[in-house]
Amino acid sequence: MAQPLEFGLDTFGDVTTGPDGAPLPHAQVLRNVVEEAALADQLGLDFFGVGEHHRADFAVSAPEVLLAAIAGRTSRIRLGSAVTVLSSDDPIRVFQRFSTLDAVSNGRAEVILGRGSFTESFPLFGYELSDYETLFEEKLDLFAALLRQEPVTWRGSTRPPLRNQSVFPPVEGDRRLTTWIGVGGSPESVIRAARYDLPLMLAIIGGDPKRFRPYVDLYHRAFEQLGRPVKPVGVHSPGYVADSDDQAREELFADYKKMRDRIGAERGWPPMGQGEFEREAEHGSLYVGSPETVARKIVSTVTALGASRFQLKYSAGPLPHARLMRSIELYGRKVMPLVREMMA
């Protein structure tokens, strides 16, 4: 790899349960996410990402507002989305919100742009799912133009044209807003990221992570054909760390199954059994276990894919805040040093 591996954490603000087993109010979940991010900063992690959803089982619908609150409690960790659903948002407003976050965090903002695996934002904000592809393609094209921080002249079919329009606030200094493209398995999205000269974040949420190697190779070939240096590749995958493998699997399984089955019921998937869970833990993209087990699996994935960042999606449905905090602590204090030692 061309640069040292960076370590991140992602959360969608899953609605967790309290000591009495009842779901916590969304407001408390949001306050807990701030505490989780503050701990990640104290432990020396490189990145903290917050997802965007508009449904009852996730508390975060305005990531930039939450990230701004986190910026006030942290000093060094980079802060970003995971992901921003650009298709159902306004690229100009997205840029303005993240350039503002960049200012108040002293240059720590990042945005990961994607189409999202949930579609509830389309009817909520008045967009047609039939325009799914066109919306993302055109809005990404406009956002890429905004990154140059020059007056923008742009025309498309999804919004009125712009003519020599400046957008404020600009990103401070001689920098661009750090922007990734989140990809779940679309070759077109991989090529699009290369075309816009943006780093690639692979959302690998199931199956053998090595199956994504062809996408990495495609990304590299695209840059070679464009005659430009290749940008970084990152990986986002779910996981949970405890003191032992048995403890991690026992503590995670029930809550992970609740989340997986709830989403699966909406998408026509059968309920997840213990066997499927164990296969994902052993051979798939679920990084669950002791610090040593999780570290070995991270090393295997980032080596196979040539990734320069690994982001652990550490929250899982109703899994309680106290367990999330313990998992974050083990990730920072034990997994990160072990990975560095193994890779050295």
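Analyst: A cavity is a set of points, on a 1 Å grid over the protein atoms alone, where a 1.4 Å probe fits but cannot get out, and lining residues have an atom within 4 Å of a point. Grid points are joined across faces, edges and corners, and a volume is the space filled by probe spheres set on the points. This is a predicted model, in which local features need pLDDT of at least 70 and side-chain atom pairs count only at pLDDT 80 or more, while totals for chains, interfaces and linings use all residues. Residues are numbered from 1 along each chain as its sequence is written, and side-chain values use heavy atoms, with hydrogens and water left out.

User: How many cavities of 30 Å³ or more does this rule give, and how much space lies in the largest cavity?

Analyst: The count comes to one cavity of 30 Å³ or more, and about 60 Å³ of space lies in the largest cavity. Its lining includes T11, G13, V33 and S315. Helix α1 supplies the largest share of that lining, four residues, where helices (H or I, at least four residues) and strands (E, at least two) are DSSP runs numbered from the N terminus.

User: Why is T11 called buried?

Analyst: Buried means under 20% relative accessible area, exposed over 50% and partly exposed in between, with a 1.4 Å probe and protein chains only; T11 has 1% relative accessibility and therefore counts as buried. T11 lies in strand β1 (residues 6–11). Beyond its neighbours within four places in sequence, T11 is in contact (heavy atoms within 4.5 Å) with residues including V33, F48, Y314 and S315. The side chain of T11 also reaches the backbone nitrogen of G13 at 3.0 Å.

User: What makes the largest pocket a pocket rather than a cavity, and what lines the largest pocket?

Analyst: A pocket is an open set with protein on both sides within 12 Å along at least five of seven lines. The largest pocket holds about 1000 Å³ of space, and of the 47 residues that line it, F12, S117, A203, I205 and H236 are the closest to its centre. Helix α8 gives the most to this lining, with five residues.

User: How do you know that the span of helix α10 is close to the expected one?

Analyst: The expected span of a helix is 1.5 Å times one less than its number of residues. Helix α10 (residues 291–305) has 15 residues and reaches 21 Å from its first C-alpha to its last, close to the 21 Å expected.

How values were computed: A polar contact is a pair of N or O atoms within 3.5 Å; within protein, one must be able to donate a hydrogen and the other to accept it, and residues adjacent in sequence count only if both atoms are side-chain atoms.
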